[in-house]
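Here's a quick briefing to read alongside the model. Keep the viewer open and find each residue as it comes up.

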Amino acid sequence: MASAASSLATGVRAGRFPARLPAAGLAPRRRAPLVRAQDKRGEEKTAPRQGIWNALAFSGPAPERINGRLAMVGFVSALAVEAARGDGLLAQVGNGAGLAWFAYTAVVLSAASLAPLLQGQSAEDRSDGFMTADAELWNGRLAMLGLVALAATEYLTGAPLVNV
């Protein structure tokens, strides 16, 4: 057993085996802290731009914000189509008529959400007043739950939530 371990270590040092195992890529990555400082003239310096993969990481700043924004647009759109045409959420998804609009909206909102993050800005820096970054996250979370509630209500009752 000891000889097998030493031959493995020798193989790694000799360059026959990769130094990092593929499972090492599954370990959580550390996020670089966003540091702001002012120089002697009082001008604010921003931290260096972060890469797209750091922004889109599971614990990164983009996924929940993008999903929340898409859920807010989807929830309002689903209610509007239900009120205008009488089609429920499951019927809207089933006929596929809005698939192109969904794809277009998802691409535009994702790009618009990623652009400031890749330039080194954060949502917390730009939020003030009534609509803060925390309020946006909570509105997105509630919109996600609202879409699930719309689908569950229609599935259980057999009719759209907004009956025309």
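**Around Gln92**

Leaving aside neighbours within four places in sequence, Gln92 is in contact with Ala78, Val81, Glu82 and Asp87, where contact means heavy atoms within 4.5 Å. Keep in mind that this is a predicted model, where local features need pLDDT of at least 70, side-chain atom pairs count only at pLDDT 80 or more, and totals for chains, interfaces and linings use all residues. Residues are numbered from 1 along each chain as its sequence is written, and side-chain values use heavy atoms, with hydrogens and water left out.

- Gln92 sits in helix H4 (residues 89–95); helices (H or I, at least four residues) and strands (E, at least two) are DSSP runs, numbered from the N terminus.
- Gln92 counts as buried because its relative accessibility is 17%; buried means under 20% relative accessible area, exposed over 50%, and partly exposed in between (1.4 Å probe, protein chains only).
- A polar atom of the Gln92 side chain lies 3.1 Å from the backbone oxygen of Asp87.

**The whole protein**

- You'll find seven helices and two strands in the protein.
- Following the sequence, the pattern reads α-β-β-α-α-α-α-α-α.
- Of the 164 residues in the protein, 21% are buried.
- Take the contacts with a separation of 6 or more: 66% of them come from residues 24 or more positions apart.
- The protein exposes about 12000 Å², and carbon and sulfur atoms supply 64% of that; accessible areas come from the Shrake-Rupley method with a 1.4 Å probe, and for residues only the protein chains shown count as cover.

**Helix H3**

- Buried residues in H3 include Ala62, Ile66, Leu70, Ala78 and Glu82.
- Arg85 is also found in H3, but Arg85 is exposed, with a relative accessible area of 54%.
- Arg85 and Asn163 are 78 residues apart along the chain, and 9.9 Å separates their C-alpha atoms.
- After H3 comes Gly86, which has a positive phi, near 85°.

**Glu64 and Arg141**

- Glu64 is another residue of helix H3, and at 34% relative accessible area Glu64 is partly exposed.
- Which residues is Glu64 in contact with, leaving aside neighbours within four places in sequence? They are Leu137, Arg141 and Met144.
- Glu64 and Arg141 are 77 residues apart in sequence, yet 8.4 Å apart in space, C-alpha to C-alpha.
- Their side chains make a polar contact at 2.4 Å; that term means a pair of N or O atoms within 3.5 Å, and within protein one must be able to donate a hydrogen and the other to accept it, while residues adjacent in sequence count only if both atoms are side-chain atoms.
- Arg141 also lies over the face of Trp138, 4.7 Å from the ring centre; a charge sits over a ring if NZ of Lys or CZ of Arg is within 6 Å of the ring centre and within 35 degrees of the ring normal.

**The aromatic pair**

- The structure holds one aromatic pair, and Trp101 and Tyr104 form it edge-to-face, at 6.2 Å centre to centre with 85° between the planes.
- Rings of Phe, Tyr and Trp (its six-membered ring) pair if their centres lie within 6.5 Å; planes under 30 degrees apart count as stacked, over 60 as edge-to-face and the rest as tilted.
- Trp101 and Tyr104 both lie in helix H5 (residues 99–118), three residues apart, about one turn of the helix, and both are exposed.
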